[in-house]
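Please look over the structure shown here and read the short report that follows. The report covers a pocket and a metal site.

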Amino acid sequence: MGRFRPLLGILLAVVASCLVACGGPAAKIPTTYTPELLQQVELYTPAVAELRDRFPELQGYIQQKDWVNVQSFIHGPMGEMRTRVNRLAGTLLTKDKPQAQSLAKEIYTHLERLDEAAANNQQVIAGQEYRNALDDFDSFLSLVPTFQ
Ligand code: ZN
């Protein structure tokens, strides 16, 4: 048996190093953005950046109590919000995904409330919901590497 021991030792070493290199569940979840992952993020970035750029238009309409334009803006250009933000959230690191998805949900909940406030001519509430949506939008973007 004695002469097999070194061989067994080598085999165990090979198995051990393969377990480390090939990884358990922890190694399969990337904790930083590889170039490939970043490409995915970049793919969905422009559509979201466009919405963020146009967001202040809403504030102007709220200040003017232009509820018709507030509502058509929410259902028009901002109608894509849910889809676009969710697609981008889906490309983020596993550790950031849950927070990004819950912020995404927050953004359109606030937009729905803003829509309702506009329908009821409630300027103060409309302003608050606009501000809340913007804060959640910016928190969301702080999780996205292309906006950092
Ligand atoms: Zn919120």
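Helix H7 gives the most to the lining of the largest pocket, with 4 residues. The model is a predicted one. Helix H5 (67-75) and helix H6 (81-89), like H7, each supply at least two residues of this lining. The space in the largest pocket comes to about 180 Å³.

Around the largest pocket stand Ile 74, His 75, Met 78, Gly 79, Met 81, Arg 82, Thr 83, Tyr 108, Leu 111, Glu 112 and Asp 115. Sorted by class, these lining residues are 5 nonpolar, 3 polar and 3 charged.

The metal site comes next. Which protein residues are donors of the zinc ion? They are Glu 106, through OE, His 110, through NE2, and Asp 136, through OD. These donors lie 1.9 to 2.1 Å from the zinc ion. Along the chain, the spacing of the donors is E-x3-H-x25-D.

Glu 106 and His 110 both belong to helix H7, which spans residues 97-119. Because they are 4 residues apart in this helix, about one helical turn separates them.

| Residue | Relative accessible area | Class |
|---|---|---|
| Glu 106 | 37% | partly exposed |
| His 110 | 7% | buried |

His 110 counts as buried because its relative accessibility of 7% is under the 20% cut-off. Glu 106, at 37%, is partly exposed, since that class lies between 20% and 50%.

Conventions:
Residues are numbered from 1 along each chain as its sequence is written. This is a predicted model: local features need pLDDT of at least 70, side-chain atom pairs count only at pLDDT 80 or more; totals for chains, interfaces and linings use all residues. Side-chain values use heavy atoms; hydrogens and water are left out. Donors are N, O and S atoms within 2.8 Å of the metal (3.2 Å for Na, K and Ca); water is not among the atoms, so sites may look incomplete. Buried means under 20% relative accessible area, exposed over 50%, partly exposed in between (1.4 Å probe, protein chains only). On a 1 Å grid over the protein atoms alone, a cavity is a set of points where a 1.4 Å probe fits but cannot get out, and a pocket is an open set with protein on both sides within 12 Å along at least five of seven lines; lining residues have an atom within 4 Å of a point. Grid points are joined across faces, edges and corners, and a volume is the space filled by probe spheres set on the points. Ala, Val, Leu, Ile, Met, Phe, Trp, Tyr, Cys and Pro count as nonpolar, Asp, Glu, Lys and Arg as charged, and the others, Gly among them, as polar.
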